[in-house]
Amino acid sequence: MHTVLIIDDSDINQTLIKALVLKLGDCQPVLFDNPVKALEWCHDNVPDLVIVDYMMPEMDGLKFIAAFRGLHGRNELPVLMITASDQRDIRYDALLGGANDFLTKPIDRVEFSARARNMLNLRQGQKYMANHVQELEVRVQERTREIRNREKELIFRISRAAEFRDPETGAHIQRMAHFSAVIARGLDLDAKTQQLILEAAPMHDVGKIGIPDYILLKPGKLTHEEFEVMKNHAALGYELLKSSGSEILQAGAEIALSHHEKYDGSGYPKGLAGTKIPLLGRIVAVADVFDALTSERPYKRAWALDAACKFLEDSRGAHFDPLCVEAFLAGWEDVLEIRQSFQDEDVPAI
Amino acid sequence: MLPAFVLDRASILERLGDDLEIYPMMLDMFLQDVENNCNSLATSLSAGDMPTLLREVHTVKGLLATFSDDAGSAEALRMEMQLRRGDSSCMAEAVAALQARLREVAGILASEVAG
């Protein structure tokens, strides 16, 4: 059903136009003799076609069209203006002012029907296009969400693949990623960055894929040479991820390279200090070390929480960025909840 | 002096797409409104409200054209153009003539309705 707005101060014209509109079929006429009232109606209603007279009290047809076009979402709706055949200058003004076509007075049914139908067909096309665009937008959003979820799953599985080669667990990845997000929130980073770090942090040790088993799985203390090889996992992870077009993988590359840097410059691989260390790396360093300390492993017992907190506090400005430690401790309630949500399954006896 | 109005039913009906429902409805509405139209012309003239008079004359022009009164409509157009130029001379006589024309047309349309 098309809504046809008719604005004419003449009763006889209103009656005639209404009758002609009804004869078009599938149309609902809405009548106004006052253009100001009609404009008010248009604030809350969207007509499919507007038929407006030129000469009316309070506001002429040209001013009505200008005001109507100024309303949000009314710029493309078809407008027919009724003019007398002697008003060529007004027709030109109306065309420039946003009328789509004209009806000549006295109104002729054949001309009226043809022009009104053309305008309604135009409107139907507009509606179809608008719906189609909306449908496409929804489908693009769905597909984007699917791709993003697949990307997240893939990242998690790649991270797990690296972790499978050493005693770390899937729960460790989840916990340290969520701890990282807690720190990001405590630092007042925007929601997008918080989400980015949550998704990228699991890749911090992906470079371990390139470390030989005899070093990675060695039960005892590493020799100096072995430790030098082990340190390569930061650069290996970076090399693996750096060329990706994905924002998450690029963040993962930055984290892989910088999460073993220390605030006082004594870390590796570059020996960066202070804010020269990328922020994502400073954040993940706190989250990763805290979780490693407080987790039980085949070769060590878990530290008590207060001992781990004391270690973080004592290492402020040396190993860790003081602001990141502060943000972590400020989110302590969330930290406890995360530990509760992601628990290690079976840890072999020491 | 305008020539006498002659009802051209065929021409009106042609424009209305030979719609025999709308035609009598239009006649009724004209007859109901004609005295209002005459009064509006007189009121705006006596008030010296030329913009309103111009609009009323414009409305009457359209009404007469709707009933195929080409001569009456042309006279209303002449008055409209004069008023648009800001010239209100001899407007009292012109308004009186237009009122007379409206009533003349109304008389003939009333006969058509009585039929």
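## A salt bridge between chains

In this predicted model, the side chains of A:K23 and B:D19 meet in a salt bridge, with N and O 3.0 Å apart (a salt bridge being a side-chain nitrogen of Lys or Arg within 4 Å of a carboxyl oxygen of Asp or Glu). The pair crosses between chains, running from A:K23 in helix α1 (residues 11–24) of chain A to B:D19 in the loop between α1 (9–15) and α2 (22–46) of chain B; helices (H or I, at least four residues) and strands (E, at least two) are DSSP runs, numbered from the N terminus.

A:K23 is partly exposed at a relative accessible area of 31%, whereas B:D19 is buried at 5%; buried means under 20% relative accessible area, exposed over 50%, and partly exposed in between, with a 1.4 Å probe and protein chains only.

## Salt bridges within chain A

A salt bridge also links A:D291 and A:R175, whose side chains meet at 2.5 Å from N to O. Because A:D291 belongs to helix α11 (residues 279–294) of chain A and A:R175 to helix α6 (residues 170–186) of chain A, the pair ties together parts that are 116 residues apart in sequence. A:D291 is buried, with a relative accessible area of 0%, and A:R175 is likewise buried, at 4%. Salt bridges that share partners also join A:K23, A:R109, B:D19 and B:E21 into one network.

In the salt bridge of A:D48 with A:R123, the closest N and O atoms are 3.1 Å apart. A:D48 sits in the loop between α2 (35–44) and β3 (49–53) of chain A and A:R123 in helix α5 (residues 109–164) of chain A, so this pair ties together parts that are 75 residues apart in sequence. Both residues are buried, A:D48 at 3% relative accessibility and A:R123 at 12%. Over all chains, the count comes to 27 salt bridges.

## The surroundings of A:S246

A:S246 lies in the loop between α9 (224–241) and α10 (247–258) of chain A, and its relative accessibility of 13% places it among the buried residues. Its side chain makes a polar contact of 2.5 Å with the side chain of A:E151, and a polar atom of that A:S246 side chain lies 3.1 Å from the backbone nitrogen of A:I248. A polar contact is a pair of N or O atoms within 3.5 Å; within protein, one must be able to donate a hydrogen and the other to accept it, and residues adjacent in sequence count only if both atoms are side-chain atoms.

## Basis of the values

Residues are numbered from 1 along each chain as its sequence is written, while chains are lettered from A and ligands numbered from 1 in the order in which they are written. Local features need pLDDT of at least 70 and side-chain atom pairs count only at pLDDT 80 or more, whereas totals for chains, interfaces and linings use all residues, and side-chain values use heavy atoms, with hydrogens and water left out.
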